[in-house]
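Work through the exercises below with the sequence and the 3D view at hand. Try each task before reading its solution.

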Amino acid sequence: MDFLSNLISGLSLGSIYALIALGYTMVYGIAKMLNFAHGDIIMVGAFAVIVCINTCGLPVWLAAVVSILCCIVLGVLIERIAYKPLRRSAPLTVLITAIGVSYLLQSVAQLVFGSEMHSFPKVISMPTIQIGELTIKGNALVTLVVSAVIMVVLTLFIGKTRMGKAMRAVSEDKDAAELMGINVNKTISVTFAIGSALAAVAGIFYGSTYGFIGPYTGSMPGIKAFVAAVFGGIGSIPGAMLGGLALGIIENLSKAYISTELSDAIVFGVLIIVLLFKPTGLLGKKIKEKV
Amino acid sequence: MKSNKARRKNYITYAIAVGAFAVTMILIFTGNASRHMQSMLVPICINIILAVSLNLVVGILGELSLGHAGFMSVGAYAGCLFSIYMEQMLPAVIRFPLAMLAGGLVAAVFGIIVGIPVLRLKGDYLAIVTLAFGEIIRSIIINLNFTGGAAGLKNTPQDATFISAFVVVLLTLIVVLNLISSKQGRAIMSLRDNAIAAESCGIHIGYYKLMAFVVAAFFAGVAGVIYGHNYSILTAGTFDYNKSIEILVIVVLGGMGSIRGSMIAAIVMTVLPEALRFLSDYRMLIYAVILIVIMLCSASQTVLKLKEQLKAVFFGQKNGKEEI
């Protein structure tokens, strides 16, 4: 039973990673860039909730909406200002720009909120559920259910709507999509908007799971979500979900049964082993190179 | 055989390095270099070694590595432990070079260990494995006893001086530049330009990839040893992925594949954060903005045109002659 409750909290942590990894993987699929600033959007989203609830006294649902809107605007603005002019340049140039944006967000947050940790308000008021010996934290349950719903909606959106079709087309071949009359700029903006919205949701759940938020909080879950996206096969949406969940479970189980300090090393070690056997991730497509 | 042009270019790079060293020494002896300036000399040398060696992987081999700080930390710990145990037995003149050799070799062995998955992976998958490797090394070092754990490794003798660090910079330049302009270097560059074509010409992809990787790891380890002997305290937290990214920023700013560019960018990027110190709280903000603006400018058409025009103004006649 102990194992089962660890598994469930692992799943909940994993669904946070999966939400962030989805943003990474969608942006990668469509813009072919690693958006290193994505992790810091989580931090912005979490701080937005803190400001809304503690300073403005808004109700929780409104705070969440405001936080998501903030992140969407921020994500689209970043894409327009920093990434769009570099669309045709070398991938590394874009990578360094993304790192610059990440530093920028962190230092702005540090100037505004100071470098200390801020306690995150209690946004999820679900009591802990006890079924026999099985304990499920209310927080974990809400995170799990909401993330599952978001993932289903996202899958339907990408599979069934016109915009989703456009996104798949742009990620397949940008130039051909443009010739077919797809507005590439708009599609990329929508992708960034969705990714940032998911990051905001992840930020809220991350804040309520760990209880504290600081200007550098975003970078570690960001890196782990990046790992999760690669783990599942970068560019693949079900891959990001699977990778995120797997990462969360591995991390939580190794924390519970092996060592808290070594849990990160174990997570990264499993990643390396998986990549050794499946060089393009769990669900990544193997692209044959034509000469 | 090396072409004459490449050889001349290499000599110019050595001359620039020696010239900069001579100017700095003159400044020190005439008393024109402040203590603050002098304290930055060894870190500049360390960053040059790191950037030049990472450029071998990123610029010449064309693979993204986010784990350079991992190699640096392995080398640093190996070299510093060597020095601590040998402190009574050997004088500093012998101990420090041996420590650097030990650190470099250990880092190179780790380069081989990491290099084996490299043979199968490409692009972002390779980047993530190097990043993962760096993080694994960091958490293992924190959990070991003989490395001092999270508190850090203390009491390394402060053997590093500007002169010794500069000698290592020069050695790094000689090895890397000669490697690049050799047959092996051309093989490595052919992998970057077109791996399939290179393989069909009989170039062993795995062997040359590993060569670039291991040489880079060796020098990263040596840089780590100098780092440890400069500050005399090592903490595993210093070598996280942010450090790797810092080195990558230097390489990209200096220009991929340009060793001279890496040298100049290493100096600028070591001095710039210090020079911005008067901005106190706004330092990181300004740094981030400068980084983004440089990157945007490097891709902007108007800036590129301006650069061409400037070149035409300064070197106009020379270019004209060459065309004839």
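Two residues are in contact if their C-beta atoms, placed from the backbone, lie within 7 Å. This is a predicted model: local features need pLDDT of at least 70, side-chain atom pairs count only at pLDDT 80 or more, and totals for chains, interfaces and linings use all residues. Residues are numbered from 1 along each chain as its sequence is written, with chains lettered from A and ligands numbered from 1 in the order in which they are written.

**Exercise 1. Describe the fold of chain A.**

Start with contacts. In chain A, take the contacts with a separation of 6 or more: 75% of them join residues 24 or more positions apart.

Next, count elements. Helices (H or I, at least four residues) and strands (E, at least two) are DSSP runs, numbered from the N terminus. Chain A has 11 helices and 4 strands.

Then check burial. A residue is buried if 20 or more other C-beta atoms lie within 10 Å of its own, exposed if 12 or fewer, and partly exposed in between. Of the 291 residues in chain A, 50% are buried.

**Exercise 2. Find what chain A brings to chain B.**

First, the totals: the contact takes 36 residues from chain A and 34 residues from chain B. Second, the helices: H4 (91-113), H9 (219-232) and H11 (263-277) of chain A each supply at least two residues to the side that touches chain B. H4(A) gives the most, with 12 residues.

**Exercise 3. Follow helix H10 of chain B to its end.**

Begin with length. H10(B) covers residues 205-231, 27 residues in total, and reaches 39 Å from its first C-alpha to its last. That is close to the expected 39 Å, where the expected span is 1.5 Å times one less than the number of residues.

Now look at cover: 21 of the 27 residues of H10(B) are buried.

Finally, step past the end. Just after H10(B), Ser232(B) takes a positive phi of about 65°. Ser232(B) sits in the loop between H10 and helix H11 (241-254) of chain B. Ser232(B) counts as partly exposed because it has 16 C-beta neighbours inside 10 Å.

**Exercise 4. Locate a positive phi in chain A.**

Go to the loop between helix H1 (2-31) and helix H2 (38-55) of chain A, where Lys32(A) lies. Lys32(A) is not a glycine, yet its phi is positive, near 55°. Lys32(A) has 14 C-beta neighbours inside 10 Å, so it counts as partly exposed.
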